[in-house]
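Subject: Structure handover

Hello,

Here is the structure I promised to pass on. Please open it first, then read my notes below.

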Amino acid sequence: MPGSVPASCMAKWPKDVGIIAMEVYFPSQYVDQAELEQFDGVSTGKYTVGLGQARMGFCSDREDINSLCLTVVQRLMERNCLSYDSVGRLEVGTETIIDKSKSVKTVIMQLFEDSGNTDVEGIDTTNACYGGTAALFNAVNWVESSSWDGRYALVVAGDIAVYATGSARPTGGAGAVAMLVGPNAPLAFDRGLRGTHMQHAYDFYKPDMVSEYPVVDGKLSIECYLSALDRCYAVYRNKIHAQWQREGLEKRFSLEDFGFIVFHSPYCKLVQKSLARLMLNDFLSQPNPNTETGPFTGLDAFREVKPEETYFDRDVEKAFMKASADLFEKKTKPSLLVSNQNGNMYTPSVYGCLASVIAQHTPQQLAGQRIGVFSYGSGFAATLYSLRVTQDHTPGAELDKLVSSLSDLKARLDSRRKVSPAIFAENMKLREETHHLASYVPQGSVGDLFPGTWYLTRVDDKHRREYARRSKDDDLPSEARLINSNTATEHIPSPAKKMPRIPATTTGPEADAISNGDH
């Protein structure tokens with residue numbers, strides 16, 4: 001049975017705990033950023049070059065945070081042929097709050113009812129764009145703890161990022177990412193290698209409980225992001241240096257030690273600047289950097305700069321963006337597919353970047369790589385950590401399955417429907433006017449949604465929300481069994497029951513299929 005772990009295994013530390021499977025969901029329509037520049041009357045290139053954004057996905061009033069998460073969870077379960085009783089923990093990271101008490105996780109639990117599984121730990125976690133990472137850490141910690149019962153953990157990061165009319169609006173987006181967590185994962189967490197920085201600031205926050213729009217101090221937010229990056233990188237390097245010393249290795253960590261590095265992406269240009277920022281940190285940490293040849297060529301004029309005085313120094317920024325250009329092309333640019341084409345998804349942003357890397361490389365190219373992950377949430381909270389990709393890239397292995405499951409990412413982005421900026425603005429106005437209304441029936445077209453998408457059918461006079469799922473068959477009308485978030489009586493069938501798909505590394509009786517490493 002799921003959760004039946006041999007007693008001999010429970011005293012040992014599960015091996016290679018990390019991400020086994022991923023699923024990405026984004027809305028079926030987008031607005032073109034070049035067309036939005038013209039519509040907004042701003043200079044050509046302000047959004048496309050200045051921000052580095054090409055398209056922005058958005059939701060009609062048919063989708064909310066509950067429907068996004070329902071969709072991405074069911075897609076992950078179906079595409080990986082997982083039973084709902086194989087999940088023992090489910091946690092949601094989001095800052096899109098539509099109820100101050102009821103969690104998104106409890107809404108998702110309706111998908112589990114047909115399986116009879118209610119023994120599922122976890123709840124919602126909130127702090128701006130960092131909530132998904134906090135939920136992921138909680139899931140990993142659960143698997144590595146005495147509380148683990150042998151089942152998977154499921155992490156969902158989802159948000160709808162919308163802004164009032166103005167300069168911040170083109171940095172919006174929407175989407176959700178679901179991640180299956182367990183041992184023997186193709187993307188395993190580097191144990192003990194997390195650099196975290198937490199600090200109080202009002203750079204971005206949402207004090208108006210009846211509005212979707214945040215209050216943003218753009219300049220302060222950039223300063224907080226970059227200062228957190230500096231400090232997280234310093235802590236991470238100190239920890240890996242200490243780890244290497246214990247192993248007898250005498251070397252200095254640098255960006256070259258990451259096969260790839262992905263960042264939380266409010267907009268793509270900030271990510272490029274962030275990689276340059278890490279090169280600045282490498283340069284300043286070197287006791288005697290070579291400025292005659294190699295990556296630091298010609299940078300001797302910046303030897304005495306203080307990092308805290310350079311957040312908006314154009315000379316420093318320009319010099320290190322140029323110096324890091326090759327590293328950016330190889331290690332970070334591939335991560336920006338979803339960000340560039342869909343915009344900022346808030347909590348799922350950095351995991352959309354991770355999925356983009358996986359989707360655009362072969363298992364052979366990924367095998368054995370260390371992937372750096374920088375997660376940031378305003379307010380502010382940040383962590384830099386790393387994942388190690390398994391060496392096993394054979395056909396049918398877990399890495400091969402993960403890559404294959406994400407291989408359609410670009411095709412799905414390309415299959416979306418483009419709408420005019422005027423229609424986009426109308427949708428934003430409609431959301432603004434109807435957000436948090438009771439006795440409301442959404443006006444958006446169900447037929448425009450991707451097949452298999454959950455959507456909002458109505459909000460009753462007590463603010464209880466009801467949902468349906470569009471058929472997975474393109475040719476059928478959007479009919480589905482209703483799920484009422486208060487008193488559901490009908491349910492979408494669960495996938496066929498089966499044992500948890502935790503990869504085994506040894507052969508033997510089915511009950512002993514979970515491999516655990518030494519404590």
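Predicted model: local features only at pLDDT ≥ 70, side-chain atom pairs only at ≥ 80, totals over all residues.

**The nine-stranded sheet**

β4 and β5 belong to an open sheet of nine strands. The order is β5-β4-β6-β7-β1-β8-β13-β12-β11, and the pairing is mixed. Which strands stand at the edges? They are β5 and β11 (260-263). Each has a single partner strand, so one side of each is left without a neighbour in the sheet.

Now look at β13. Eight of its nine residues are buried, so most of this strand is covered. On one side, eight bridges join β13 to β8, and the two run antiparallel. Leu-187 is placed opposite Val-389 of β13. β12 also pairs with β13 over eight bridges, again in the antiparallel sense. There, Gly-372 stands opposite Ser-386. β12 and β13 form a hairpin with three residues between the strands. Gly-379 in this hairpin takes a positive phi near 120 degrees.

Helix α11 lies across this sheet's β1 (18-25), β7 (173-182), β8 (187-198), β11, β12 (370-377) and β13 (381-389). Its direction is at about 150 degrees to β11.

**Helix α11 and helix α13**

α11 (residues 349-359) also packs with helix α13 (residues 398-406). Their axes are 8 Å apart, at an angle of about 105 degrees. The two helices are therefore roughly perpendicular to each other. α11 brings Ala-355, Ile-358 and Ala-359 to the contact. α13 brings Leu-402, Val-403 and Leu-406. By class, that is six nonpolar residues, no polar and no charged.

**The cores**

As a general point, nonpolar side chains in soluble globular proteins tend to be buried together. In this model, the largest nonpolar core has 144 residues. Which of them have the most contacts inside it? They are Met-22, Ile-108, Phe-320 and Phe-374. Helix α6 (residues 218-246) gives the most to this core, with 10 residues.

Met-22 is worth a click. Neighbours within four places in sequence aside, its contacts include Leu-76, Val-177, Ala-178 and Met-179. Met-22 also touches Ala-355 and Ile-358, both of which α11 uses in its contact with α13. Leu-402 and Leu-406 are among the contacts of Met-22 too, and they come from the α13 side of that contact.

Another core, of five residues, lies apart from the largest one. Among its members are Cys-129, Tyr-163, Phe-204 and Tyr-346.

**The three-stranded sheet**

There is also an open sheet of three strands, in the order β3-β2-β14 with mixed pairing. Its edge strands are β3 (55-57) and β14 (417-419), each pairing on one side only. The twist averages 40 degrees from one strand to the next. Strand β2 (residues 29-32) runs parallel to β14, joined by three bridges. Gln-29 stands opposite Arg-417 in β14.

Two helices pack on this sheet. α2 touches β2, β3 and β14, and its direction makes about 60 degrees with that of β2. α15 also touches β2, β3 and β14, with its direction at about 85 degrees to that of β14.

α2 (residues 33-40) and α15 (residues 421-434) pack on each other as well. The angle is about 80 degrees and the axes are 9 Å apart. That makes α2 roughly perpendicular to α15. Glu-35, Leu-36 and Phe-39 of α2 make the contact with Pro-421, Ala-422, Phe-424 and Ala-425 of α15. By class there are six nonpolar residues, no polar and one charged.

**A loop residue**

Is Gln-110 buried or exposed? Gln-110 sits in the loop between α4 (104-108) and β5 (124-125). Gln-110 counts as buried because its relative accessible area is 5%, under the 20% cut-off. Its C-alpha atom is 9.0 Å from that of Leu-70, 40 residues away along the chain.

**Overall figures**

The protein chain has 15 helices and 17 strands. Of its 519 residues, 58% are buried. Among contacts with a separation of 6 or more, 73% join residues 24 or more positions apart.

Best wishes

Conventions:
Residues numbered from 1 in each chain as written. Heavy atoms only, no water. Axes fitted to C-alpha atoms, helices over the stretch in contact; angles between N-to-C directions. Helix = DSSP H or I, 4+ residues; strand = E, 2+ residues; numbered from the N terminus. Parallel < 35°, antiparallel > 145°, perpendicular 65-115°, else oblique. Contact = heavy atoms within 4.5 Å. Nonpolar A, V, L, I, M, F, W, Y, C, P; charged D, E, K, R; others polar. Core = buried A, V, L, I, M, F, W, Y, C linked by side-chain atoms within 4.5 Å. Buried < 20%, exposed > 50% of the residue type's maximum accessible area, 1.4 Å probe, protein only. Pairing = 2+ DSSP bridges.
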